[in-house]
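Hello,

Here is the structure I promised to pass on. My notes follow below it.

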Amino acid sequence: PAGINPTQKPLTVEAWVQADRPDGGVLAHGGPAVGYALVLQAGKPQFLVRTKEEVTVAKSKVETVGRWTHLVGVLSGDKQVKLYINGKLVDEVQAPSLLPSEPAQGLEIGADDAGAVGDYKSPFGFTGMIDEVRVYHAVLSDEEISDHASTTDRTPTDDRRLVLACTFEGGTAEDVSGN
């Protein structure tokens, strides 16, 4: 859908995951030219941003396989790529730019198929559980990210910055953002 086009926009992506295996794509939008992805490699979360075929990666040093973990990737307006785990900032690196164009591949949850955003092989399927996937065309504050990681309530879906919200209620990945 046109509403999820991240061209020249800051963004925040978040998901709750419980990985059974150490490698796989939680969420990916785009491919080998332009895009972003939230993945696990060797059991460690990463948030990748690919702009003009250059990949910028914010990485965790801690494995998260086997336990529920709240992951957040941020691309800020000043081109900072950040990774948060359970509400805490774990890495921050500088990207060369925001996404310069609309990604050619659509948004995928649970894999990065048909052309990888990162330096891994597609389809890069995730094995485990994924819940509460959110994409915002905005930068959430550290406090908002911490709140989302620490609450037992569902993250609200009426936030106007939200462009995608999949709760997986009733076994479906239907977008409940209203967009």
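In what order do the 6 strands of the open sheet run? The order is S8-S7-S6-S1-S10-S11, with antiparallel pairing. Strands S8 (88-94) and S11 (162-166) stand at the edges with a single partner strand each, so one side of each has no neighbour in the sheet. On average, neighbouring strands here are turned by 15° against each other, direction ignored. Helix H1 (residues 142-150) packs on this sheet. H1 touches S1 (11-19), S6, S7 and S10 (128-136), and its direction makes about 160° with that of S6.

Terms, briefly. Strands (E, at least two residues) and helices (H or I, at least four) are DSSP runs, numbered from the N terminus. Two strands pair if DSSP finds at least two bridges between them. Contact means heavy atoms within 4.5 Å. Axes are lines fitted to C-alpha atoms, for helices over the stretch in contact; angles run from 0 to 180 degrees between N-to-C directions.

Val72 stands opposite Tyr84 in S7.

Now the whole chain. It holds 1 helix and 11 strands. The C-alpha trace spans about 40 × 35 × 30 Å along its principal axes.

On provenance: this is a predicted model, where local features need pLDDT of at least 70 and side-chain atom pairs 80 or more, while totals for chains, interfaces and linings use all residues. Residues are numbered from 1 along each chain as its sequence is written, and side-chain values use heavy atoms, without hydrogens and water.

Best wishes
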